[in-house]
Amino acid sequence: MKLFDVYPINDITITRAKGSYLWDETGQQYLDMYGGHAVISIGHTHPHFVSRIVKQLNQVAFYSNSIRIPLQQQLADKLGRISGKEDYQLFLCNSGAEANENAMKLASFHTGRKKIVAFSKSFHGRTSLAVAATDNASIVAPVNQTDNVVFLPFNEGEALRAYFNEHGNEVAAVIVEGIQGVGGINIAEDSFLQTIRTVCTDNGAVFIADAVQCGYGRTGEFFSHDLAGVQADIYSMAKGMGNGFPVAGILIAPFLKPKYGMLGTTFGGNHLACAAALAVLEVIEEEKLMENAKTTGEFLISRLKKIHGLKNVRGKGLMIGFDVDGDLKELKKNLLQHQQVFTGEAKPNTIRLLPSLALRKKEAEEFLESLEEEINNMVSTPNLVHHA
């Protein structure tokens with residue numbers, strides 16, 4: 001049997017990981033500045049994370065949501081306190097796409113409406129409604145296409161107001177990333193998020209904050225949307241929530257009322273997932289990782305802005321992007337091949353940095369040295385990359 005070939009693969013096999021480093025089967029060490037798509041929040045194989053999962057595995061790994069699972073309430077209590085959303089409700093699921101799917105479904109249940117407002121360059125997942133609200137026609141199958149989702153320009157409050165003036169009574173929800181990840185590290189302006197809050201309140205629509213990538217402390221605040229001083233009605237979470245263990249959820253404002261059968265999941269909120277998620281929050285709190293993300297991110301951004309050849313350096317905390325072109329268009333590939341540094345990308349020419357929130361300053365400096373060395377190599381030897 002062949003694997004279904006949908007991923008472009010780097011010819012690297014990782015066999016060991018620790019903190020911000022990875023090792024392949026030959027013993028070659030790599031610096032991880034991407035965290036496996038922003039998933040590694042507290043560092044690879046953190047000892048507390050490992051021990052909590054092993055302990056839980058030796059007790060009970062799984063039973064369904066048909067029984068009481070006290071770990072779920074423990075997670076809700078700690079998540080509410082650390083996020084500052086103690087009056088919200090928690091629904092647990094498995095992935096960011098599933099979180100956004102449930103958030104939009106819940107908004108439609110509550111309002112009795114069908115229309116979802118999303119924005120240019122948005123990415124909300126690959127399930128049915130989540131992918132319909134994603135601004136990438138190449139991954140939207142015909143069966144996912146719907147007139148119920150409208151795309152408006154990102155960061156253009158007047159366009160949003162104009163749409164609501166005409167269609168406000170049809171809109172179930174507005175969904176927005178606080179910082180667009182796949183779209184290219186595009187930061188939602190405070191005034192734009194405040195406008196979303198206003199039009200949703202005035203028209204009875206639900207404000208959904210997609211914090212799958214930009215949440216969980218990555219920006220120095222628990223949710224990047226908090227930087228604008230607004231409260232969303234639903235926050236979606238995944239990625240860093242389990243440090244690699246599949247776990248996700250939505251935080252739901254008190255006015256959105258549950259009823260039996262409204263939402264459901266087989267694996268969501270299972271014993272192992274809750275143990276993993278609790279371990280992450282415990283480490284974030286104990287090691288002050290949100291503060292570290294803020295200070296280390298500020299250090300990286302300030303240094304990146306001084307490097308010749310990098311354009312439009314932007315970001316918050318440890319969610320950082322910059323653009324490259326010309327001689328540097330192969331920089332991401334070269335960093336991996338020649339400097340053993342993992343980074344991410346966003347089409348057409350953005351490099352994304354999404355390392356562990358525990359990234360140390362000396363590791364940030366190591367990355368900057370490798371980056372500058374590779375840029376110098378590429379500028380002086382523009383044909384350094386040999387294409388297969």
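Across the whole structure, a search finds 11 salt bridges, a salt bridge being a side-chain nitrogen of Lys or Arg within 4 Å of a carboxyl oxygen of Asp or Glu. The model is predicted, so that local features need pLDDT of at least 70 and side-chain atom pairs count only at pLDDT 80 or more, while totals for chains, interfaces and linings use all residues. Residues are numbered from 1 along each chain as its sequence is written, and side-chain values use heavy atoms, with hydrogens and water left out.

| Pair | N to O distance |
|---|---|
| R197 and D233 | 3.0 Å |
| R314 and D323 | 3.1 Å |
| E345 and K347 | 3.4 Å |

In the pair formed by R197 and D233, R197 belongs to helix α7 (residues 190–203) and D233 to the loop between β10 (206–210) and β11 (234–237), so the contact ties together parts that are 36 residues apart in sequence. Helices (H or I, at least four residues) and strands (E, at least two) are DSSP runs, numbered from the N terminus. R197 counts as buried at 17% relative accessibility, and D233 is likewise buried at 6%, where buried means under 20% relative accessible area, exposed over 50%, and partly exposed in between (1.4 Å probe, protein chains only).

R314 is buried, with a relative accessible area of 12%, and its partner D323 is buried at 14%. In the pair of E345 and K347, by contrast, E345 is partly exposed at 37% and K347 is exposed at 65%. Elsewhere, salt bridges that share partners join K78, R81 and E285 into one network.

β1 runs antiparallel to β2 (residues 21–24), to which 4 bridges join it, and K18 stands opposite Y21 in β2.

On the surface, E365, E369, E372 and E373 gather in a patch of negative charge; for such a patch, residues need over 30% relative accessible area and no salt bridge, and like charges are joined within 9 Å. The place of a Glu charge is taken as CD. Of these residues, E373 is found in helix α11 (residues 361–380) and counts as partly exposed at 45% relative accessibility.

Notes:
Patches are made of residues with over 30% relative accessible area and no salt bridge: like charges are joined within 9 Å, nonpolar side chains (Val, Leu, Ile, Met, Phe, Trp, Tyr) within 5 Å. Accessible areas come from the Shrake-Rupley method with a 1.4 Å probe; for residues, only the protein chains shown count as cover. Lys and Arg count as positive and Asp and Glu as negative; His and the chain ends are not counted. Two strands pair if DSSP finds at least two bridges between them.
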